[in-house]
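Here is a short briefing for a first look. Keep the structure open beside the text.

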Amino acid sequence: DIKMPYKQLQVRNLKLSNAGIYTCQYGSRKVRTSLHIFKLTISLDGHFLQNEVPELILMQNSSGSLPVLNITLFDSNNNRVTPELQNKGRQKYIVNLKKLEAMDSGTWVCQVHSDSPLITLNIPFAVKVLGFQNPDLERKYATVDSTVILSWHLNSQKIKWKESFTGQVNWKQQEGANTHGLLDFNVTAHGQLHETKKSSSGFLFEIPERKPESTIEVKLSKVHFNHSGQYQCQLEYQGRHAQSKIELVVMKVSANPAGPLSREANMTLTCQVSGPLPPSAYLRWERVNGTKMDIKNSKQQEAKLEVNISAAGLWSCHLIEDSDRKISLHYHVEEAPVWINHVIIGASVGGSLLAFALGCLCIISGIRWHRRRQRAKRMAQARQYLLENKTCQCQQ
């Protein structure tokens, strides 16, 4: 297109083949302009899942010899990114970037520089990373019979993802165990989220109705000890997958014996968590308003702690990680009433007296039995003696 009145030539939808020397001739005057064209393409059309590695291809074309280019990349936060050059040629440059995270979404800049000829060009390109705003491996703690909500926050609304994708939430007790599907979800091209609960899972949970946009949630209204394990939310887009895990650790406490604590008796309190703890975590038993003698810590990463107590009151088990109390569970040890103590003392004394009386009775019975045996023995000897004497008198 010729733009008037300055006789400007406008070339639209440039291609690499449009590179070359353009000449403007007016009468005997000629003015030449060299057009150098760059083409930047990004793999997967700029739509990525987190932890995927983009590939950039920069191509150039010119009428003369192609210059050696220096390439500098800046991410969406204007931070310089050091790429790995896979293939460096005069015409084609292939650049691999780092693994992407959800926060990397935005407009990146490829800065091209050459000293001869002097070229400085900034080429912007869009990067959209669909993923989770959760940490890589999130750990959540809960106590038995409490309510817990597991949430996965997607960034689909933030980046205005136009393409639809699907996903699911799975649960398994531990690594290597069978996987149980909890729910399926899909997001339309308009960004609407639809969830479908799997009825065959046999798992008691709810899907909260009110929640932030682009959030997947599973609500356990009454946590059981065996609800612990790994909950994984998985995305699928064009045959590719991305996932985020939440490790649910459940705590429970128990007592043996479970009844009231009588005077001068002992009780064993047990605090247990459902899975292995991180290296910096441990369990602690302590009595509320007690002394330092009433505190006992487990070794690091121990999942079970027992303490023998002789004092009634409110005992608390804490899970401590990096000097921070993550969860606490209380157990109230009741003191046995006075009449129970008297009954126990009376029963003990009565039992002792009964045992003493039984012992005495056994001794007396033994003595009497021994005497009867001796008397029977003497009578038998006397009868034998008399029988022998009568025999002798008859012979005379």
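Where is the place of Leu 14? Leu 14 sits in the loop between β2 (8-9) and β3 (20-26). This is a predicted model, where local features need pLDDT of at least 70, side-chain atom pairs count only at pLDDT 80 or more, and totals for chains, interfaces and linings use all residues. Residues are numbered from 1 along each chain as its sequence is written, and side-chain values use heavy atoms, with hydrogens and water left out. Strands are DSSP runs (E, at least two residues), numbered from the N terminus.

- Leu 14 is partly exposed, with a relative accessible area of 45%. Buried means under 20% relative accessible area, exposed over 50%, and partly exposed in between (1.4 Å probe, protein chains only).

**A buried loop residue**

- Gln 50 is in the loop between β6 (47-49) and β7 (55-61). Gln 50 is buried, at 11% relative accessible area.
- Gln 50 and Ala 242 are 192 residues apart in sequence, but 6.5 Å apart in space, C-alpha to C-alpha.
- Beyond neighbours within four places in sequence, the contacts of Gln 50 (heavy atoms within 4.5 Å) include Leu 100, Val 129, Phe 132 and Ala 242.

**An open sheet**

- Four strands form an open sheet in the order β24-β23-β26-β27, with antiparallel pairing. The edge strands, β24 (295-297) and β27 (324-333), each pair on one side only.
- Two strands pair if DSSP finds at least two bridges between them. Nine bridges join β26 (residues 313-321) to β27.
- Gly 313 stands opposite Val 333 in β27.

**Salt bridges**

- The whole structure holds seven salt bridges. Each is a side-chain nitrogen of Lys or Arg within 4 Å of a carboxyl oxygen of Asp or Glu.
- Asp 104 pairs with Lys 98, with the closest N and O atoms 3.4 Å apart. Asp 104 is buried at 4%, while Lys 98 is partly exposed at 38%.
- Asp 184 and Lys 198 meet at 3.5 Å, N to O. Asp 184 lies in β17 (residues 180-187) and Lys 198 in the loop between β18 (193-197) and β19 (215-220), so the pair ties together parts 14 residues apart in sequence.
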